[in-house]
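Subject: Structure handover

Dear colleague,

Please find the structure below. My notes on what was found in it follow.

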Amino acid sequence: MNDPKETLGDELHSLAKALTRPYRSITGEGVRESLRIIQKHIPLKIREVPSGTKVFDWTVPKEWNIRDAYVLDPGGNKIIDFKKNYLHVVGYSIPTDSKVSLDELQKHLHSLPAQPDAIPYVTSYYKEYWGFCMTDRERRKLKKGKYTVHIDSTLEKGSLTYGELIIPGRVKDEVLLSAYTCHPLMVNDNISGKVLNTFLAKWLMGEKRRYTYRIVFVPETIGSIAYMSRNLKTMRKRTIAGFCLTCGGDERAYSYLPSRAGDTLADRVALHILKHSHPDFIRYSFLDRGADERQYCSPGADLPVATVMRSKYGTYPEYHTSLDDLKLVTPKGLFGTYSTLKECIDVLEQNYVYKTTRVGEPQLGKRGLYDNLSVKGSFFSFKNGQYMSDFLAYADGTRDLISIAEIIGAPAQALIEIAVMLRAAGVVSRK
Amino acid sequence: MNDPKETLGDELHSLAKALTRPYRSITGEGVRESLRIIQKHIPLKIREVPSGTKVFDWTVPKEWNIRDAYVLDPGGNKIIDFKKNYLHVVGYSIPTDSKVSLDELQKHLHSLPAQPDAIPYVTSYYKEYWGFCMTDRERRKLKKGKYTVHIDSTLEKGSLTYGELIIPGRVKDEVLLSAYTCHPLMVNDNISGKVLNTFLAKWLMGEKRRYTYRIVFVPETIGSIAYMSRNLKTMRKRTIAGFCLTCGGDERAYSYLPSRAGDTLADRVALHILKHSHPDFIRYSFLDRGADERQYCSPGADLPVATVMRSKYGTYPEYHTSLDDLKLVTPKGLFGTYSTLKECIDVLEQNYVYKTTRVGEPQLGKRGLYDNLSVKGSFFSFKNGQYMSDFLAYADGTRDLISIAEIIGAPAQALIEIAVMLRAAGVVSRK
Amino acid sequence: MNDPKETLGDELHSLAKALTRPYRSITGEGVRESLRIIQKHIPLKIREVPSGTKVFDWTVPKEWNIRDAYVLDPGGNKIIDFKKNYLHVVGYSIPTDSKVSLDELQKHLHSLPAQPDAIPYVTSYYKEYWGFCMTDRERRKLKKGKYTVHIDSTLEKGSLTYGELIIPGRVKDEVLLSAYTCHPLMVNDNISGKVLNTFLAKWLMGEKRRYTYRIVFVPETIGSIAYMSRNLKTMRKRTIAGFCLTCGGDERAYSYLPSRAGDTLADRVALHILKHSHPDFIRYSFLDRGADERQYCSPGADLPVATVMRSKYGTYPEYHTSLDDLKLVTPKGLFGTYSTLKECIDVLEQNYVYKTTRVGEPQLGKRGLYDNLSVKGSFFSFKNGQYMSDFLAYADGTRDLISIAEIIGAPAQALIEIAVMLRAAGVVSRK
């Protein structure tokens, strides 16, 4: 039999690979195709918001689709070919078909002199423009002459597409899991988020849950704004915690980016798990934000959304280039982030407020939970005995399990087991 | 005339010595005898709680008494003799009279390989068992053969005994002083606590007091629980501060163990006095708890009880062995802890909220409290002049004397003197 | 054209020089003359409080005036001459005209052995006394013999004089600016405070203001107490921030002395400006207080008054000596403190609570406030773009501009500009 870790890691990575094929932008067929790939795993609903719809301060843009794009050099050689790498074309480029001088072409080219072998990722969603991206090494080889530029795209009335899945729990209180769908190709940012969201949803559907889970796949910024414009009232009323799923596929250190408030349940559980499971994690400030927490945590929305990721967007060299690929993101990297987010959810689900039912310490000995022979240096007959004593000391009806875990320095998971024993013994109750 | 320090230190040590004679456990005649020795100093009431009484989650156990216990080696030599050292028998051992092989005997022997010359202190209150304790050096000499084990003990319906003295004050608000009575022989843990409680009560009875003092001598754990089961309602309503008296007789650094809440009046006064009088004190966490604060501070009881001690139980090498004796505990050590606890009580008694009766600074000069000649670098004509000015600046009716002392960095005792002067001058009032 | 900095610095220094001429004490003609000099700049009201008036715990003393004072040596040489340096006579000295031995004279002489060339500043306001101050170097030259001491002063019923100017704003909420007027000669302590108060008032009168400004010139201690005895009710109701103006003329590091509460608006704005504009400032505690904040912040008054100064009174070698002169205080030093206090006031005036009017981030791009081309590493098309984004993230209707500036690490002045742009764009509103 295979190691479940390897098996599941490979499944995550396979979905990532499948998601590199559709070309995505904030709107268009590629987004729909991506959501249909995800539908093979979970019963996602695909929703459309028509172009021109007002969503808070924004307007849903025209739908953009692209079939082909290339540049021919003066000799007629195809030196840039969208079909070879989607990043070659600037996202939302308007249709073009003309001959331009090298000087004119240069105004529409983007490359990274500091990373000469990387094709950068560039977009122009809200201003009409066309452009191409290429490696700086290739760009430097361009010679004077007439170049043919061809972009076969359409920018027409259509819609913005998103995916949504509500997994009902015992209570209506919700946990939000949101991944953005817009970037083409790039695997860590953010195919990894879509993969994690898919597999977490799959796992959550497999068992009875306390909380309701709101699983969301939206294009970044305009998508989360459009989504909130339809759902904010319910989300504000019910969301107890949420996580942006992004940059979760490489094997580098974990990162934590807080919610705007900084001390929500999402923050508390994320920090607790990272401190115990990945103590070398990097702690960012909300000032370092950059993904959909910008919208979810904005004043007016103010949802309790934190982010647990690996290398944060904007900080790793491969970010927003063709180097953010299926080699940077590994089965092991994806599986690690998936497991860490599962830990967060498991603790959230068990994060009750506990209260002892007795004055004074309960007599653990008569219940087999304490060693009746008192010898110097040893009182507890079982693992985590001191945690049990400490849990009882702080289970005063004012603190949830995570708070107690933080006070006593125990991993929350150990306290979950202890709480089960103590409830069975009748000496603590949930509030 | 003798130094009062030496005289009183010697008196404290004499009582400690007297209290080594009765054999104590959580119940039994030895406890009663110990309380009668204390009654020679203070008018303690001796109370009984019958075996089988339900006290919160616990049941008062049968009363245990022991007359004799020994082990004879194959040659008939008495190699273990309870009469020579009470620690030789495991506390609450059931009666035994039989011949056993060395292998069988070993299952009932306790020693400390790391402290080969110490007899450990072992108990088995809540599970029927018999056993003996000895030095590891002696144990290693045992040879194969038949051993005679004899324990002449009784475990019968009886009662749990405790001592109580209420010293009334001007107000009904109470200060709790509690010492545990159960351990036999060991002087720091906790003959010292009983000695301190006795002499503090004696001192408190000698003068008019603001607060009522509740002086309690109980067996550890079961005793404080039984005591609270009878008195909790009053204690919760009236207790403004309390102290566990334990491990107060050696000469090592002071220790502070907070209440569960951590910021009660007991904590504040204890920390203030230790910071000023014994700045090298060791500050523990409530997670390091181990004596009756476990019960007094438990959720449901939640009394404001802190501990000021010398070497904390569990941390010093002599702890729970025959080495915790009248040499470890000295007249000087006992007197120091006694004096420190007196300082705490003196400050508690004077810890009023003060309020200036004037807008702006009062004119101290016309009252002889300020130097009327203003010369660079010198404004105050008396000791602690700056403390007086600072006290006035913070006596705003929202802070008690300890708070002001903490803000201005003054010892509370100095502020008590200043408050007397300022009240006499009519420029501050008590709230 | 001159540098405005130099021009204004020179104007400040000229007023300082003019204010060295009148001899001041807590009462007397010199105070009135000083206020009349200030009246040449601002329409100050001069008020009188009669001797004997009860002002809270104090009584306004008799008015003291001095015409001449000198000491003749046995040979008839004038070795101390009040007309040469006002500090030679102890403030509030009673009239004297007699011949005394050197021994008798010594009892009335004050000098500073550690600063042998400085004449100290000594007063005896509330105890009848006469005395002279001189350099220690001169004092050591005195020889045995009969000395003539002559002080032509009067201590008679009169009044305590203060200056007041209320500059009305759009709202009745007030900012207090208070300088003390009593010390003679000394330039940093506190001619500088009077100069700053005068020129700040002049500037404040020059434009429409949100807040009302209460400009006060009072003798130290008795003056601020007398002033509050007449105005406290209004001051307590209306004062949102206040500053003591003192020791603001030398070129050394800035100092901050908090209000008693420590977190008032005055404290917050002062700390913010000093952190950003003068990060090497010295942060004192309220325990280091020494000027009229002692009265304004006293319990009962409890006004939000902080102090921004250069070398704090009591800490610099020239303090309370003849060395605190027009060389220690420079045009540049005065201008710097003046500018820093203006910065505080400018920020106070614009310190509104802001709230975004949108859910989610507003679309800055369509308003020309964001670069529409998204390229790795560059999003903002203008200076302080990240501050704009961060300001929007925290403008949630619960925080004032200073709070947001502190959270996002921006200078408040930059946020004032941003708030103007964002209000014009309609995406934030003032609360």
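What rotation, and what shift along its axis, superposes chain A on chain C? The rotation is 120°, the shift is 0.0 Å and the RMSD is 0.1 Å, with copies superposed by least squares on the C-alpha atoms of residues with pLDDT of at least 70 in both. The two copies are therefore related as by a three-fold rotation axis. Within chain A, A:D263 has the C-alpha nearest the axis, 13 Å from it.

Some conventions. This is a predicted model, in which local features need pLDDT of at least 70 and side-chain atom pairs count only at pLDDT 80 or more, while totals for chains, interfaces and linings use all residues. Residues are numbered from 1 along each chain as its sequence is written, and chains are lettered from A and ligands numbered from 1 in the order in which they are written.

Chain A has twelve helices and 19 strands (DSSP runs, H or I of at least four residues for helices and E of at least two for strands, numbered from the N terminus). Its C-alpha atoms fill a box of roughly 95 × 40 × 40 Å along the principal axes. Of its 431 residues, 52% are buried (20 or more other C-beta atoms within 10 Å of the residue's own, C-beta atoms being placed from the backbone).

Between chains C and B, 24 residues of chain C are in contact with 21 residues of chain B (C-beta atoms, placed from the backbone, within 7 Å). On the chain C side, α6 (222-238) and α8 (293-296) each give two or more residues; α6(C) gives the most, with three.

Regards

Terms used: Two residues are in contact if their C-beta atoms, placed from the backbone, lie within 7 Å. A residue is buried if 20 or more other C-beta atoms lie within 10 Å of its own, exposed if 12 or fewer, and partly exposed in between; C-beta atoms are placed from the backbone.
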